[in-house]
Amino acid sequence: MTNLLKRRTFLQGLGTTMALPLLDIMQPQLNLAAAAPAAAKAPVRTAFIFFPNGVIGPSWYPTSTGLNHEMPKSLKPLESLKSDINVISGLAQINARALGDGAGDHARCASVYLTSAHPTKTSGADIKAGVSVDQVAAQQVGHLTRLPSLELGMTRGRNAGQCDSGYSCAYSSNISWRTPSTPTAKEIVPKLAFERLFGGGAEREKQRARHLKDRQSILDLVKHDADQLKKQLGRNDQRKIDEYFTSVREIEQRIERSTHHEKIKPPEMQLPEGIPSEFQEHIRLMYDLLILAFQTDTTRVATFMVGNAGSNQTFPMVGVNSGHHELSHHRNDEKKIADIQKIDEYLTSQFAYFLNRLKATPEGNSNLLDNSMICYGSAIGDGNRHSHHDLPIILAGKGGGTIKTGFHHQVKTETPLSNLFVSMLDRAGAPVTSFGDSTGRLTVIDS
């Protein structure tokens, strides 16, 4: 029996294109005889998440390896997800080191994280890093989705001027690089990211904006298409569509509330339009938008900068009122170390929120987390020493069943992080013989 509905089916409306989650009607029937076609295999989604300033090692790295390791304090929020992730210790980004260029470790940390290429030290227009791993994947699989890749962040940053010891701000503000001299701009405003997912080009976007003035939701614009589609669906698929629409509407309402709150804030507290004033609401909205992008197969490749390199964000929600970067130079001050650990744990808890939402999103016979690879980490290990070895790296998801999870892997010292990237590119459908300074593949993750 052939599929009754194609995977790349969209709901159309004025200025709006909405992709659909994977439905039963898009897959061959599973209860036919053994000779029937196999179920359609879900695509593997790949995301790279960056956080700045390194970690407090003793609270991050498990003290034992293998399956029976205990989760340390900073990773406790991931305890219930232990069987879905791998903690990987020992990886390095050698090209983030000075290599004769002097200070500027934070700028190098961000620019090297996904490129594995030493950046040219300049504060002018002659920036040069390398093509990042996400863009290598997008070049090979991006044509299969409406958006080749999606780049998200929390802070805009600048692409001109000097931000770190003679390095251009472009290096500190970007982890995704389309070419060695062209960083890929990230979106930090939830509303604009939402419109990127569901918009339909400049002219159609103008139409959509005009009609939304008199409507409550983007869902109104695709109502006719949705009603027609539901007539073809069974009860289970109708439930999936209803849950998907509920999720979309809930995100819309949160964006609307955050935009409204920004308009009534006193002038001295104003943020760029559409950015929630609360850090947690902002980061969770961005994570939720990334889930929608993956759930609807709008893109299979994404990056997310939780903070720009050297970020001095404060975290009063966990009692830390000093800046993150400032604290990272703790010089073994116990109070500063304790504050950095609180930040590490808090950011991990937001990552856990993302992973739990992925895991709770069914897809075929599995879930969205199982069909994803999420690399969470930084190219600075110890922020106090500006070290670029023994990096804090977590690989979440089973990569469509090709990654064995639940382990703490302690790899050989100085193993390039790019070895992990080569292995991820294989699973993303974008195989390469090498990437950056890779010396092979990271076979410890193989299932």
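**Note on a helix pair and a mixed sheet**

1. Helix α8 passes helix α10 in a right-handed crossing (right-handed if the near helix is turned clockwise from the far one by less than a right angle, left-handed if anticlockwise). By class, eleven nonpolar, two polar and three charged residues make up the contact of α8 with α10 (nonpolar: Ala, Val, Leu, Ile, Met, Phe, Trp, Tyr, Cys and Pro; charged: Asp, Glu, Lys and Arg; polar: the others, Gly among them).

2. This is a predicted model, in which local features need pLDDT of at least 70 and side-chain atom pairs count only at pLDDT 80 or more, while totals for chains, interfaces and linings use all residues. Residues are numbered from 1 along each chain as its sequence is written, and side-chain values use heavy atoms, without hydrogens and water.

3. The axes of α8 (residues 279-295) and α10 (residues 334-359) come within 10 Å and cross at roughly 30°. Axes are lines fitted to C-alpha atoms, for helices over the stretch in contact, with angles from 0 to 180 degrees between N-to-C directions. The two helices are therefore roughly parallel to each other (angles under 35 degrees).

4. Seven strands form an open sheet with mixed pairing, in the order β5-β10-β3-β13-β14-β4-β15. Its edge strands, β5 (150-153) and β15 (408-416), each pair on one side only (strands pair if DSSP finds at least two bridges between them). Neighbouring strands are turned by 20° against each other on average, direction ignored.

5. Within this sheet, β4 (residues 85-92) and β14 (residues 393-396) pair in the antiparallel sense over four bridges. Ile-85 has Ala-396 in β14 as its bridge partner.

Definitions and conventions: Angles under 35 degrees count as roughly parallel, over 145 as roughly antiparallel, 65 to 115 as roughly perpendicular and the rest as oblique.
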